[in-house]
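Me: I have a model open and want to go through it piece by piece. Can you take some questions?

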Amino acid sequence: MPTTTRPTAPPAASAPAAPPARSAPAVRVGKAFLVTVVAVALSHVILSDGLFVSLVGQAATNMGAGPGYSSDVSFTSAVVNTTLTMALLLWVGMRLLRERRVYLMVLVGAVGWFLTVMANVDALLERAYGLLPLASMALFVLVTALTAGLLRPVRR
């Protein structure tokens, strides 16, 4: 018996891969707002603890006991640690929320946090575990979150 073969359809061209979905600017700024608030809280805890160590070192020096470390070194490390923590938390938080091209936000956040801390450090050094002024923290959160809307991923 002769066998007949059925003609097969040519393989269909696969559809081009869809570009990654872009968040609307408002959604991206909302995500940045949430990430920045969490980053401010965690960075503030690190800053407060570091400055407390600095105050303890300064008090020990004033009382005549050498603490074994300088209060200036403690202060500097607290400021550097909190600035690096801010940058890392902003980047990781936005990447966990699947946002790309966040380097401008991270840069503005790290520099802005450093300037916010240095402008208001007297409020923190007045007493142990002091708080930065809420107005300056709110301004920082607002500026950093709005920066996220400036640079968005491009479609390919």
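Reply: One definition before the element order: helices (H or I, at least four residues) and strands (E, at least two) are DSSP runs, numbered from the N terminus. On that basis the elements run α-α-α-α-α from the N terminus on. Keep in mind that this is a predicted model.

Me: How many helices and strands are in the chain, then?
Reply: The chain has 5 helices and 0 strands.

Me: And what share of the residues counts as buried?
Reply: 33% of the 156 residues in the chain count as buried.

Me: What about contacts, how many join residues at least 24 apart?
Reply: Taking contacts between residues at least 6 apart in sequence, 77% join residues at least 24 apart.

Me: Switching to electrostatics. How many salt bridges does the structure hold?
Reply: There are 2 salt bridges in the structure. One of them pairs Arg28 with Glu99, with the closest N and O atoms 2.7 Å apart. Arg28 belongs to helix α1 (residues 25-62) and Glu99 to the loop between α2 and α3, so this pair ties together parts 71 residues apart in sequence.

Me: Is Arg28 buried or exposed?
Reply: Arg28 is buried, as is Glu99.

Me: Which residue does Lys31 form a salt bridge with?
Reply: Lys31 bridges to Glu99, and the closest N and O atoms there are 3.0 Å apart. Lys31 also sits in helix α1 while Glu99 is in the loop between α2 and α3, so here the parts tied together are 68 residues apart in sequence.

Me: Helix packing next. How do the axes of α3 and α5 cross?
Reply: The axes of α3 (residues 103-119) and α5 (residues 134-147) come within 9 Å and cross at roughly 165 degrees. Angles over 145 degrees count as roughly antiparallel, and α3 and α5 are therefore roughly antiparallel to each other. Their crossing is right-handed.

Me: Which residues meet there?
Reply: From α3, the residues are Leu104, Met105, Val108, Gly109, Gly112, Trp113 and Thr116. They meet Ser136, Phe140, Val143, Thr144 and Thr147 of α5. By class, this contact has 6 nonpolar, 6 polar and no charged residues.

Me: Stay with Leu104 for a moment. How far apart are the C-alpha atoms of Leu104 and Thr144?
Reply: Those C-alpha atoms are separated by 9.3 Å, with the two residues 40 apart along the chain. Leu104 is in helix α3. With 28% relative accessibility, Leu104 counts as partly exposed.

Me: Last one, Thr83. Where is Thr83 found, and what does Thr83 touch?
Reply: Thr83 is in helix α2 (residues 71-96). Leaving out residues up to four places away in sequence, Thr83 touches Ala110, Trp113 and Phe114. Trp113 is also among the α3 residues that meet α5.

Me: Is Thr83 buried or exposed?
Reply: Thr83 is buried, because its relative accessible area is 15% and the cut-off for buried is under 20%.

How values were computed:
Residues numbered from 1 in each chain as written. Predicted model: local features only at pLDDT ≥ 70, side-chain atom pairs only at ≥ 80, totals over all residues. Heavy atoms only, no water. Axes fitted to C-alpha atoms, helices over the stretch in contact; angles between N-to-C directions. Parallel < 35°, antiparallel > 145°, perpendicular 65-115°, else oblique. Left-handed = near helix turned anticlockwise from the far one by under 90°. Contact = heavy atoms within 4.5 Å. Nonpolar A, V, L, I, M, F, W, Y, C, P; charged D, E, K, R; others polar. Buried < 20%, exposed > 50% of the residue type's maximum accessible area, 1.4 Å probe, protein only. Salt bridge = Lys/Arg side-chain N within 4 Å of Asp/Glu carboxyl O.
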